[in-house]
Amino acid sequence: MHPSQSPPRQSAPSERVEFRVASFADLDTRTLHDLLRLRVDVFVVEQECAYPELDGRDVEPGTRHLWLARDRAPVAYLRLLADPGGVERIGRVAVARDARGGGHAGRLMSEALTVVGARPCVLDAQAHLVGFYARYGFAPSGPGYVEDGIPHVPMRREPA
């Protein structure tokens, strides 16, 4: 593990799912491959959206990649982007199909909000997930829109 990468945080022993966070520069090639594969599997293949998954923001200095890993394989992922004005942006929230229903998205959101701390945070939720994000203090912040054929709602969470 790279010195600036966080140490794994263990879940319940029976679950063996570890939380990880790293900047782009601190990701080893295998981990980067596995994280991108999870994103492509969910957003491009499963949701049938042909779009530029690699948008250039993964490599920005302020970007942090957060994921849960079971036996070193990612089961859930999101990225935190540093937007202008000290705002954090959560994006690319994905859970592997065979890991859904295990509470991984919720755990990852809680971990992400710990990293965000007292800064405002925004995200663009798929419309059917507005209620999920509302549980973490996010509220709609503008009109809905359709992106890649999927309805979205911009949401914002003010500092506590």
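Mentor: The close look comes first, then the whole protein.

This is a predicted model, where local features need pLDDT of at least 70, side-chain atom pairs count only at pLDDT 80 or more, and totals for chains, interfaces and linings use all residues. Residues are numbered from 1 along each chain as its sequence is written, and side-chain values use heavy atoms, with hydrogens and water left out.

Take Q126. Its place is in strand β6, residues 121–126. Helices (H or I, at least four residues) and strands (E, at least two) are DSSP runs, numbered from the N terminus. Q126 counts as buried because its relative accessibility is 12%. The classes are buried under 20% relative accessible area, exposed over 50%, and partly exposed in between, with a 1.4 Å probe and protein chains only.

Now the partners. Neighbours within four places in sequence are set aside here; Q126 is then in contact with Q47, I150, P151 and H152. Contact means heavy atoms within 4.5 Å. With Q47 there is also a polar contact between the side chains, at 3.1 Å. A polar contact is a pair of N or O atoms within 3.5 Å; within protein, one must be able to donate a hydrogen and the other to accept it, and residues adjacent in sequence count only if both atoms are side-chain atoms.

Next, helix α1, residues 29–46, which holds V45. V45 has a relative accessible area of 53%, so this residue is exposed. For Q126 and V40, the C-alpha atoms lie 17 Å apart, at a sequence separation of 86 residues.

Step back to the whole protein. It has three helices and nine strands. Their order along the sequence is β-β-α-β-β-β-α-β-α-β-β-β. Of 160 residues, 44% count as buried. Among contacts with a separation of 6 or more, 57% join residues 24 or more positions apart.

Size comes next. The C-alpha atoms fill a box of roughly 40 × 35 × 30 Å along the principal axes. The radius of gyration is 15 Å, which agrees with the value near 15 Å for a compact globule of 160 residues. That radius is taken over C-alpha atoms, and the globule rule is 2.2 Å times the number of residues to the power 0.38.
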